[in-house]
Amino acid sequence: ALEALARRGLIYPCRCTRSEIASAQSAPHGDEHEWRYPGTCRPATGGSGTAARRAYDASTDRAWRVIVPDEVSVFEDALHDRVATNVQRNVGDFVVATRRGLPAYQLAVVIDDAAAGVTQVVRGEDLLGSTARQLLLYRLLEAGPIPRYCHLPLVIGEDGRRLAKRRGDTRLSFYRRLGGPAGRIIGLLGWWSMPGKDRDQRSRLCGAGTGVGEAGPG
């Protein structure tokens with residue numbers, strides 16, 4: 001895929017470091033995990049939005065970025081309805097291959113999903129901002145039918161930030177040390193997972209067999 005994009009003049013090598021990109025910022029970054037790329041290494045493009053064609057080389061010790069058009073991308077999400085994003089304004093030309101010659105997440109997930117014939121993607125809403133980038137790669141690679149997307153709300157902590165491996169301890173051993181009974185934890189997971197709108201019924205069902213009675217969040 002990288003070789004095909006390079007042959008069509010759609011990607012280019014980039015020598016910029018993280019610190020150089022951060023120091024070039026004139027406004028807050030558009031994504032939680034990255035600064036907007038200012039286009040330092042971007043080659044001149046023609047009317048078709050492509051640069052001079054060149055061969056992809058994984059041994060150059062440079063990252064490779066895709067040329068992102070300055071336009072709004074629109075898609076329908078099962079929960080968020082119509083989502084409109086300008087990738088160029090938010091993050092700029094994003095990385096598709098790292099300095100170590102490895103495919104970046106945005107490219108790898110498109111190739112994997114297309115190869116597996118994925119038709120529906122259900123994931124956390126922290127990845128909602130990645131969808132427009134992946135849709136761009138689907139189109140550039142002509143990777144096949146674009147999946148339908150559903151981005152679910154996240155479990156957040158008291159500080160309003162999402163719980164994750166890097167933030168917010170969610171290991172069972174943590175709750176065991178606090179004295180949390182195993183039955184209550186199992187019941188709570190069941191209460192969250194059961195379908196239906198009757199909260200009392202869900203609590204009774206999830207509490208059955210745990211020895212802790214109702215298993216609602218309280």
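1. A residue is called buried when its relative accessible area is under 20%, exposed when that area is over 50%, and partly exposed in between. R89, at 55% relative accessibility, therefore counts as exposed. The structure discussed in this note is a predicted model.

2. R89 takes part in a salt bridge with D70, in which the closest N and O atoms are 3.1 Å apart. D70 lies in the loop between β2 and β3, whereas R89 belongs to helix α3, so this pair ties together parts that are 19 residues apart in sequence. D70 itself is partly exposed, with a relative accessible area of 47%.

3. The count of salt bridges comes to two. Because D93 lies in the loop between α3 (87-90) and β5 and R42 in the loop between α2 (18-23) and β2, the pair ties together parts that are 51 residues apart in sequence. D93 is buried, at 2% relative accessibility, while R42 is partly exposed, with a relative accessible area of 31%.

4. The interior deserves a separate remark. In soluble globular proteins, nonpolar side chains tend to be buried together. In this model the largest nonpolar core has 29 residues, of which I11, V66, F94 and V96 touch the most other members. At least two residues of this core are supplied by each of α1 (2-7), β2 (63-66), β5, α4 and α5 (128-141). Helix α5 gives the most to the core, with eight residues.

5. Helix α5 also holds S130. This serine is buried, having a relative accessible area of 7%. S130 and T85 are 45 residues apart along the chain, and their C-alpha atoms are separated by 9.8 Å.

6. R15, R54, R62 and R99 form a positive surface patch. Among them, R99 is placed in the loop between β5 (95-97) and α4 (105-116). R99 counts as partly exposed, at 31% relative accessibility.

7. The other patch is nonpolar: L79, V122 and L152 make a surface patch of about 260 Å². One of these residues, L79, is found in the loop between β3 (73-77) and β4 (81-85). The relative accessible area of L79 is 48%, so this leucine is partly exposed.

Terms used. Residues numbered from 1 in each chain as written. Predicted model: local features only at pLDDT ≥ 70, side-chain atom pairs only at ≥ 80, totals over all residues. Heavy atoms only, no water. Patch = residues over 30% accessible without salt bridge, like charges linked within 9 Å, V, L, I, M, F, W, Y side chains within 5 Å. Areas by Shrake-Rupley, 256 points an atom, 1.4 Å probe, with all protein chains shown as cover. Salt bridge = Lys/Arg side-chain N within 4 Å of Asp/Glu carboxyl O. Lys, Arg positive; Asp, Glu negative; His and termini not counted. Charge placed at Lys NZ, Arg CZ, Asp CG, Glu CD. Helix = DSSP H or I, 4+ residues; strand = E, 2+ residues; numbered from the N terminus. Buried < 20%, exposed > 50% of the residue type's maximum accessible area, 1.4 Å probe, protein only. Core = buried A, V, L, I, M, F, W, Y, C linked by side-chain atoms within 4.5 Å.
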